[in-house]
There are 2 protein chains.
Amino acid sequence: MADKPSFEALSAETLPLRLGRTDALTARIGSDTASWKVREVGDGNLNLVFIVDGPDGSAIVKQALPYVRLVGDSWPLPLKRSFFEYHALTRQRARAGNIVPEIFHFDEGQALIIMEFLTPHIILRRALIEGRRPKNIGRDLGLFLATTLFRGSDLSMGARARKEDMALFADNAELCDITENLVFTDPYFDAAMNRHTSPQLDGIVATLRADRNLKVEAQRLKHIFASSAETLLHGDLHTGSIMVTDDETRVIDPEFAFYGPMAFDVGMLLANFWMAFFAQAGHEKAGDRSVLRDELLDTVTEIWAVFRTEFSRLWHSERTGMLYDRRLFEDQGDALGSAQALDCLLHQIYVDMLGFAGIEIHRRILGLAHNADFEDIADENLRARCEARALKFGRHLAVNRNRLVSLQEIHTLAVRLERDEIS
Amino acid sequence: MADKPSFEALSAETLPLRLGRTDALTARIGSDTASWKVREVGDGNLNLVFIVDGPDGSAIVKQALPYVRLVGDSWPLPLKRSFFEYHALTRQRARAGNIVPEIFHFDEGQALIIMEFLTPHIILRRALIEGRRPKNIGRDLGLFLATTLFRGSDLSMGARARKEDMALFADNAELCDITENLVFTDPYFDAAMNRHTSPQLDGIVATLRADRNLKVEAQRLKHIFASSAETLLHGDLHTGSIMVTDDETRVIDPEFAFYGPMAFDVGMLLANFWMAFFAQAGHEKAGDRSVLRDELLDTVTEIWAVFRTEFSRLWHSERTGMLYDRRLFEDQGDALGSAQALDCLLHQIYVDMLGFAGIEIHRRILGLAHNADFEDIADENLRARCEARALKFGRHLAVNRNRLVSLQEIHTLAVRLERDEIS
């Protein structure tokens, strides 16, 4: 252990020298480091990301920094998040297949992961802002959610194996802390790192912070988030963690992975499509985003439908864990009992998912980490109008989630809010 | 490490020689081991328990065995449960005070704990069978529940500290496995280790195993039990884990400790009082248990009331964890918002508690580990009548828990069942 070099951040200049003898990399891109081209392309909040082009191919090198890149070294953050990202990626790839990129190499001490370079993929959020909807995202993301959430839970895993893995990921506490506080708490009081489009949103921000029911529900959802260790979550599944071509979908960046409630990943993901929906007015020219708006709502519907269908398929074909034992249902000739239990579970996921989605929308407009969907709207008055509609929608979801029977009804509300027919 | 002796079970004969130089013991009972008197008194399902009387005092030596004592060495069980018991005892004592016995010594390798000898305490279950109700148990157990469940949760602890402790106890997987399967699953199908009073209960057993709603609810509760890592639970809080005098109460034996839902400890404890209630008819002579029956229901009401009151007091005075942050409520002048959140939480605990209680009642009559409350009723027809009433009561709680508004209403039902006015 004493021989291991201590952590040092890579740069485009030092990368070829430092990784030139890493076989897992040279085998893919070629070993003539003099011909490598290295670009730093990280646009996230936390890490360095390099594209390394060699004579025989390209690869991604992602390295954690010991602080939050978005804020600076005043906010330290453990390098170990790279360890959790690596272990989440390998589990997700085993459970969900090629929608998760291939991992070539992991160096724990340097907190770096070398993985498949995705080309010509772009960030899904960027595609949506530009007005494009890749055609398979509904199917692919529904399948990703169902396979990872089901197979990481006590529905599928052995009880000891899940508990051991939960204990491993429990150490990812600093990343959980970010979610716990930045998502569930900070947006609802005057926290130092908050920001919002001001003064346009000052009024609604004050209203939301005085909204007792909303705050109670946000905290109840935080309680579920923190205590329900149901499955291995991605933990940060927004449209910036998804790369796409017109027909391919890849899910990346699970450094927030931990054991939490199934509904969280679903809710965060759908929230980001709903935000994209409300942001379109800020990007359109002469109503040219009307079709995409419809498609975004259809995508939400499709993700949920595919999730339900695939989750149900796994329930019947892979329910090998300790929960909802077949000996109590199918083996007693009571398949309908198993169906009843499945409906209860899917309903609970649906209800909680709506709550998490509402809170996610709020924190992206009121908290520290905003979305380009809204941020890229240069006209502040226009941006604020889009954001205000989304905030009201999020509040409605979080507070009324037990009473919102269908996504169809929810989407009717979204359309009316977007058209200012209701406010 | 190589010098440590491997595990060896103690006996009354070998104990003085083996523990005669353990200062924590000799300081309390005297070092003249020749005068020690040792009795093995373990009557539980899992462990050896010795009372060691020395010239200066007495102590308890509890040692885990590498198998389930109730079943034999065909069912291995990790010695490490002693480690979890020790760590649970020290945490509970810090949180709940002297209701938890003082620990003098822990030897991890020998899986033994040396602790305070409680005299003239007897097992609470035994007192209840004999027709006595110690006068402070309602208050003491309500306080134990509130202080341990509150202070072991994210309501009180730091987020990282709770996650680390949760990860530590996640390794207690084999003991959790016993609860997961023996409590929540085995009673509802023809599992090999099940037994029940037969043939008298054969009919109702068949009815319960064909009861779809009951089985679905049992599995939903198992799902909550396995995934909700809310607080450090005792994990086996029945009236056999409580020692009493007329005015003192002590809670022992937390080897099943792990991070689970608050409602589980509450529900298991109340279930054991309800079982004692239904068992009284098997022990009474000429109706002489009528007063005790009332007192047992009053005890349930008192435990719950004290729990609510103390939990609420801690909510207001010790809410230092990350959940239900004061900056969202009290600090904004919204104390009523905090009260609303507290009511939501207590209501959820109440509902889930009823469910866990119903399932606990079932497993004690249908599963492997029965209660002396019923087992000591020699007349099998009489025992079966008592058990059948309890089974119906348990089913009602588990299936209807969302609709049972008050304990008063529940106790009216219990009395009617006990009198065969309803069945």
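Modeller: Start with a rule. A salt bridge is a side-chain nitrogen of Lys or Arg within 4 Å of a carboxyl oxygen of Asp or Glu. By that rule A:D171 and B:R160 form a salt bridge, with their closest N and O atoms 3.1 Å apart. Keep in mind that this is a predicted model.

That pair crosses between the chains. The count between chain B and chain A is ten salt bridges. Polar contacts cross here too: 28 residue pairs are found across the interface of chain B and chain A, with both residues at pLDDT 80 or more. On the side of chain B that touches chain A, α6 (159-170), α7 (173-183), α9 (212-227) and α12 each supply at least two residues. The most comes from α9(B), with ten residues. Sorted by class, this side of chain B has 21 nonpolar, ten polar and 16 charged residues.

Now the extent of the contact. Chain B brings 47 residues and chain A brings 47 residues. The size of an interface is often given as the accessible area lost when the parts come together. Between chain B and chain A the buried area is about 4,400 Å². Carbon and sulfur atoms give 57% of that area.

Look at another bridge across the chains. A:K215 forms a salt bridge with B:D334, and the closest N and O atoms are 3.8 Å apart. A:K215 sits in helix α9 (residues 212-227) of chain A, while B:D334 sits in the loop between α11 (290-317) and α12 (335-366) of chain B, so the pair joins two chains. Both ends are hidden: A:K215 is buried, and B:D334 is buried as well.

Other bridges lie within chain A. The whole structure holds 78 salt bridges over all chains. One of them pairs A:R250 with A:E116, at 3.1 Å between the closest N and O atoms. A:R250 is in strand β11 (residues 249-251) and A:E116 is in strand β7 (residues 112-116), both of chain A, so the pair ties together parts 134 residues apart in sequence. A:R250 and A:E116 are both buried.

A:R389 and A:D420 also meet in a salt bridge, 3.0 Å from N to O. Here A:R389 belongs to helix α14 (residues 380-400) of chain A, and A:D420 to the segment after α15 (407-418) of chain A, 31 residues apart. A:R389 is buried because its relative accessible area, 10%, is under 20%. A:D420, at 49%, is partly exposed. There is a network as well: salt bridges link A:K62, A:R81, A:E85, A:D253 and A:E255.

Turn to the nonpolar side. The largest nonpolar core has 239 residues, and A:W274, A:F311, B:W274 and B:F311 touch the most other members. Take B:F311. Beyond its neighbours within four places in sequence, B:F311 is in contact with residues including B:A146, B:F150, B:M262 and B:L342.

End with one loop residue. A:V100 lies between α3 (81-96) and β6 (103-107) of chain A, in the loop there. A:V100 is buried, with a relative accessible area of 0%. Not counting residues up to four places away in sequence, A:V100 touches A:L89, A:Q92, A:R93, A:F144 and A:V251. A:V100 and A:F144 are 44 residues apart in sequence, yet 8.8 Å apart in space, C-alpha to C-alpha.

Key
Residues are numbered from 1 along each chain as its sequence is written. Chains are lettered from A and ligands numbered from 1 in the order in which they are written. This is a predicted model: local features need pLDDT of at least 70, side-chain atom pairs count only at pLDDT 80 or more; totals for chains, interfaces and linings use all residues. Side-chain values use heavy atoms; hydrogens and water are left out. Helices (H or I, at least four residues) and strands (E, at least two) are DSSP runs, numbered from the N terminus. Buried means under 20% relative accessible area, exposed over 50%, partly exposed in between (1.4 Å probe, protein chains only). Contact means heavy atoms within 4.5 Å. Buried area is the accessible area (1.4 Å probe) that two parts lose on being put together, summed over both. A polar contact is a pair of N or O atoms within 3.5 Å; within protein, one must be able to donate a hydrogen and the other to accept it, and residues adjacent in sequence count only if both atoms are side-chain atoms. Ala, Val, Leu, Ile, Met, Phe, Trp, Tyr, Cys and Pro count as nonpolar, Asp, Glu, Lys and Arg as charged, and the others, Gly among them, as polar. A nonpolar core is a set of buried Ala, Val, Leu, Ile, Met, Phe, Trp, Tyr and Cys residues joined through side-chain atoms within 4.5 Å.
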